[in-house]
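Please look at the structure shown below and follow one part of the chain after another. The report that follows is meant to be read with the model in view.

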Amino acid sequence: MHKVTKKGITYFYYPPWEKSGQVRHGFSSRLGGISEGPFAELNLGYKGGDKPAAVSENRRRFLDLWGKEERDLVHGEQVHGTNIALVGAKRTAAVIPETDGLITADPGTVIGAFSADCLLTYLWDAEVPAIGLVHAGWRGTLGGILFQAVEAMRERLTARPGRLQALLAPSIGPCCYEVGSDVIGVARSSAWRDQVVFYPSIRKDHAFLDLRSTNRNILLAAGLQAGSINMSTLCTRCNSRLFYSYRQSGGKVTGSQMGLFFLMAR
Ligand SMILES: [Zn+2]
């Protein structure tokens, strides 16, 4: 993904997708907003305890880069589950409960997701056209949420896995994502154990989890072509001046990046 600064806001995007004329997307950094302290500067999530007025203004500025407003936005509650929701013009809520992934074929709907180390994955079938945006930490990853998202796009929006393109945003890298025996245990008993990528740690009963490669492998198992999966290698924890990182904050309060994705009206 490429880094760009517009109207004082630094964000990331993948140029070939923006050039397509069919979709618009972006992934924020922490640079450019009005939040202060541990939330400085462009915190786009309400959950962490930041002043709502600051988050609202930050969202206004970020969405305005695409000519959108907060009322155009729909996102999941994000509970580290594997539920995928189909959203569109008839939606009734801006926040879909108990949901970590959204899919849509409606050009008026801006789908969003939030993260501070977790992986956001964008999915796009240009033939339908249809899009999806999925939030995954270790729990959602090992539950196969990306496989669920591909299946939901296939079943409900007539997308074809072999036609889908995927974009994996900056997230915590395997360099910084050491996990303990609890996560390793879930991985070993997961249906996706053959797709999980771990690197050894010198600490007993610990390993480094590669969220990106694991999810890439799950997308391949779901039927995507290797050449259609684009992956940022930026680590949110290694680059904590550029990104909010839950791990870097020591598990204390921090802000959130936001991914947004929408289909342009034809
Ligand atoms: Zn790192």
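Leaving aside neighbours within four places in sequence, Leu224 is in contact with Leu123, Val150, Pro161, Leu164, Ala166, Leu219 and Ile229, where contact means heavy atoms within 4.5 Å. This is a predicted model, in which local features need pLDDT of at least 70 and side-chain atom pairs count only at pLDDT 80 or more, while totals for chains, interfaces and linings use all residues. Residues are numbered from 1 along each chain as its sequence is written, and side-chain values use heavy atoms, with hydrogens and water left out.

Leu224 also belongs, with Leu123, Leu209 and Leu219, to the residues that have the most contacts inside the largest nonpolar core, which has 38 residues. A nonpolar core is a set of buried Ala, Val, Leu, Ile, Met, Phe, Trp, Tyr and Cys residues joined through side-chain atoms within 4.5 Å; buried means under 20% relative accessible area, exposed over 50%, and partly exposed in between, with a 1.4 Å probe and protein chains only. Among the elements that each supply at least two residues of this core are strand E9 (119–125), helix H4 (145–157) and helix H6 (211–221), and H4 gives the most, with seven residues. Helices (H or I, at least four residues) and strands (E, at least two) are DSSP runs, numbered from the N terminus. A second, separate core of 23 residues includes Val74, Ile131, Ala169 and Phe261. In soluble globular proteins, nonpolar side chains tend to be buried together.

The buried residues of H6 are Leu211, Arg212, Ser213, Thr214, Asn215, Ile218 and Leu219. At its start, a side-chain oxygen of Asp210 comes within 3.3 Å of the backbone nitrogen of Arg212, and after H6 comes Gly223, with a positive phi near 115 degrees.

The C-alpha atom of Arg160 is separated by 8.9 Å from that of Val128, although the two residues are 32 apart along the chain.

The next topic is strand pairing, where two strands pair if DSSP finds at least two bridges between them.

| Strands | Bridges | Sense |
|---|---|---|
| E1 and E2 | five bridges | antiparallel |
| E2 and E3 | two bridges | antiparallel |
| E13 and E14 | three bridges | antiparallel |

E1 and E2 form a hairpin with two residues between them, and Lys7 in the turn has a positive phi of about 50 degrees. Val4 stands opposite Tyr11 in E2, while Phe12 has Phe27 in E3 as its bridge partner. Strand E2 (residues 9–13) is largely enclosed by the rest of the structure, because four of its five residues are buried. Elsewhere, three strands form an open antiparallel sheet in the order E12-E14-E13, and Tyr199 stands opposite Phe208 in E14.

Finally, there is a metal site. The protein donors of the zinc ion are Cys175 (SG), Cys176 (SG), Cys235 (SG) and Cys238 (SG), lying 2.2 to 2.3 Å from the ion; donors are N, O and S atoms within 2.8 Å of the metal (3.2 Å for Na, K and Ca). The four donor atoms subtend angles of 104 to 117 degrees, so the arrangement is tetrahedral, a term that requires all angles to lie between 85 and 135 degrees. Cys235 is buried, with a relative accessible area of 4%.

Note on methods: Tetrahedral: all angles 85-135°; square planar, octahedral: opposite > 155°, others 65-115°. Polar contact = N/O pair within 3.5 Å; in protein donor to acceptor, adjacent residues only side chain to side chain.
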